[in-house]
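Please view the sequence and the structure first; the description follows them.

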Amino acid sequence: PDGTLPAPGISFSGQRDVAGNFNSLGFGTANNLPQSRKVDVYQQQDTFSSSLGNHFVKVGFDLRQQQVNNFFLPNFLTVNRFRGGAGGGTVASGGTLCPNCRFFTAAGNPRGGNALAFENLLLGRPDRVNFARGNPRILTKQNDYFFFVQDDYRVRSNLTLNLGLRYEYSSTPFNPIIEKVNAREADPATAIFDTAFPLAFRTAQKLKTDKNNFAPRVGFAYSPNIKFLGDRFSNGRTVLRAGFGIAYDPSFFNIVLNTVTAAPYAASGVFTQVPGTPGALNFPFVPSTTAQLNITPGTKGGDPRLFNQTRVDPGFYSPYTMQFNVGIQQELFKDTVLEVRYVGSRIIGQYQTVNGNPDVRFLNNAATYLGLNRGAFSNGNVAPTLPAGTPVDNGTGRIDPNFGNVRVRNNGARATYDGLQMRFDTRISDVVFNANYTFSKTIDNASEIFGTFGGGQGVAASQNPFDTSAGERGLSAFHQKHNFTANFVYELPFFKDQKGLVGKALGGFQFNGIIFLGSGRPYTPLQLFSNVDPRFEGTFTNGVLRPFDGNATAPNGTIAFGYGAACLALFGGPACDTAVPGNFIVYNTLQPGSPGVVVANAQAAQQAARLVYNDAGLVAIGFLPGYDDAEAFRYFKKYFGNVGRNTFIGDNSYRVNLSVVKSTRITERMEIEFRAEATNIFNRRNFGVPDAITEDASFGNFVGSFQNPGFNSGDARAVRLGVRFLF
């Protein structure tokens, strides 16, 4: 209310200051807070319908205006990290920075040397400052216009055609924001970027509006009257149905939010320094002027193109789905219906996140190490080799060196769905029963524009930034091969009229049950610390490399790590006491408590383990000094792992829910209802998708949680009791 802002975020790194994991201590405001969203929707709609002979016609419209008030800009309060030990600077008994400061040992003696993280906090000396400069309040709007006409034409008494056409037009919510940013940068008094840079560098181009979203619908329902096939195919007991339709999906506001938190809408960056050295920044520091913004490392004096950017593809359009189905529905006997149908869909232009300006330096160096052409892993793109000491900016090594990190949202994803769907409904006396079964397959090359850090869309970006389609095509995050549900409602036939005390006590009981049986969901093993483009992935996503395939007949949960990855970079542990360079260590995470097993070489590891950790990317982020220590990379001679996307399946799911309801009428208009519900009444542990992070294969002295569903909390029985008064 008073206009003040919360405190910046504080985190710690490096040497521990106190017993326990001091590095996990953090306070202040998280980098994505504060945030809020208010959406006002104004809607007008109407439908007109009329019967015209054998035609039943409907015409309608739906007009909506959404006004959105967002408050969101990660790091605009800054997040400051204070480091202890090596890289954290030094302290002394007094000095020019803090002449009155004195630090002491536990014995009470003055101390100097490497600063502790908490000492740097007291001195206001961060080693890293994450910041963003811009307006966190984002005002935009979107207008949606929908018009449709539908004709249900009864050709004959047993044949009806469904013919329709829908038109959709949605304005893009990006353009009002782009207009404001362009106006801001055109005025030197309000521009946040240095006006010495051309206006084209500091502004964005408006997007074209998708105006061709016509969505036809066509279908039919036919009830054959084929008497020689018997009573089931006559007298209206069988209906054949088929249909085809197109539907569109407008962009959603989270895409907008992610776009406007980067250049040219805002400027986000990182200052990394050795605390206490000349010119180092002191806490608190927020670049509030263009001059301060221009000292952002790697930007060549504040070039807007070298700040992180999130763009929307200039040809951005509304994805559309083509859906088709054909089926047969039949009355088997009184109050009993069976339906079988095929349902398919093809989704065109799903939203996808891609690396729009890859850094190819590490791919080039890896290819050179193997004696290959420098562009062997980078689609022929080669970055120039810079002389030692050359200043490195955010565009160095990138395909377009004039730009830094560029994350692009486009329409690059495609999906297919094919399913056999069956439904059975019956009513026998006081029991209503329904069962549904689906046998299906869903394939795509991206299921979500954002990463979920687990499940079928663990990371948003593709493993290979030059192969975002075929290389990512696999089972969808939404794929579930088998899905069966059944439910029943049983009203006890006794004392339904609830007359008298006995009737009220024994009448009004109802039993309900639901059964869920489903196949496991797909997932991809994730390599958290294996990168292709460390600056991009460290900013916008997680590590993207996938492991190598080992022996398909090896036990599930087995994964091998080269000596360098296991002992120099990630784990250590007892296996590293006997292993030597060139050895591999195999962990079986389905055997909790066991240590890793040393095998002689990569070939032995490939035979002993289901997966082999891809250590190529550890060099890119400095976890390994060079490719000599990346044993798996040297053996497979590939930078990108060959494990397919979503080729692993999590645990199946089985659940039974039951409920008992007792309704007691008090008067004609009042009743009281008691309800007892139990979900997962048999208390089956449904573990779902296991830990997909390969680096969790070891906790040092024993194997870890990777691919071990036992580390998940699972599903537990829950019982609820309730009472309602109805009047």
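## Overall fold

Helices (H or I, at least four residues) and strands (E, at least two) are DSSP runs, numbered from the N terminus. The protein chain has twelve helices and 31 strands. Its C-alpha trace spans about 95 × 65 × 65 Å along the principal axes.

The model is predicted: local features need pLDDT of at least 70, side-chain atom pairs count only at pLDDT 80 or more, and totals for chains, interfaces and linings use all residues. Residues are numbered from 1 along each chain as its sequence is written, and side-chain values use heavy atoms, with hydrogens and water left out.

## Burial and contacts

Of the 727 residues in the protein chain, 46% count as buried (under 20% relative accessible area; exposed is over 50%, partly exposed in between; 1.4 Å probe, protein chains only). Contact means heavy atoms within 4.5 Å. Among contacts between residues at least 6 apart in sequence, 73% join residues at least 24 apart.

## The disulfide

A disulfide is a pair of cysteine sulfur atoms within 2.5 Å, and by this rule the count comes to one. The bond joins C567 to C576, with an S to S distance of 2.0 Å. The link between C567 and C576 is left-handed, with -90° about the S-S bond. Both C567 and C576 are buried.

## Residue V149

V149 lies in strand β9, which covers residues 137-156. V149 is partly exposed, at a relative accessible area of 38%.
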